[in-house]
Amino acid sequence: MGKTILVIDDETMILDAIKIIFEDMGIAVRTTADPVEGTEEAVRNEYDLILTDIRMPVKNGAEITESILARKPSARILVITAYPNDPLAQRAMNAGAVGLLKKPFEIAKILDFLK
């Protein structure tokens with residue numbers, strides 16, 4: 001069975017790009033622009049890595065990270081943001097995210113977290 005990732009981001013362009021790139025590498029990708037749906041998806045299913053944006057309407061990436069890890073402590077969450085000094089990014093890291101990537105990010109850096 002190959003690797004699987006979940007991507008939660010309100011920017012559909014980011015979702016589409018990640019999906020195309022990783023699926024071309026043989027990695028299964030599930031994407032959602034809805035942070036509430038993404039949180040539930042992360043808890044319901046098994047993913048090798050969950051990527052979440054920090055700044056989104058309705059629910060931010062720190063809240064998503066906290067919510068997922070409270071219900072599924074084994075989840076591996078990587079935070080992606082255009083604002084790495086954002087207090088919400090630090091809050092997500094403190095909650096247990098495995099790392100933080102600044103947008104625009106390099107695909108190779110995400111692959112490092114999949115190993």
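Modeller: Two strands pair if DSSP finds at least two bridges between them. Helices (H or I, at least four residues) and strands (E, at least two) are DSSP runs, numbered from the N terminus. The model is predicted, so local features need pLDDT of at least 70 and side-chain atom pairs pLDDT 80 or more, while totals for chains, interfaces and linings use all residues. Residues count from 1 along each chain as its sequence is written, and side-chain values use heavy atoms, without hydrogens or water.

Now the sheet. Five strands form an open sheet in the order β2-β1-β3-β4-β5, and their pairing is parallel. β2 (28-32) and β5 (99-102) are the edge strands; each has a single partner, so one side of each lacks a neighbour in the sheet. On average, neighbouring strands are turned by 20 degrees against each other, direction ignored.

Look at one pair. Strand β1 (residues 4-8) joins β2 in the parallel sense over five bridges. Ile-8 stands opposite Thr-32 in β2.

Next, the helices on the sheet. Contact here means heavy atoms within 4.5 Å. Axes are lines fitted to C-alpha atoms, for helices over the stretch in contact, and angles between N-to-C directions run from 0 to 180 degrees. Helix α1 (residues 12-24) packs on the sheet and touches β1, β2 and β3 (49-53). The direction of α1 makes about 175 degrees with that of β2. Helix α2 also packs on the sheet, touching β1, β2 and β3. The direction of α2 makes about 155 degrees with that of β1.
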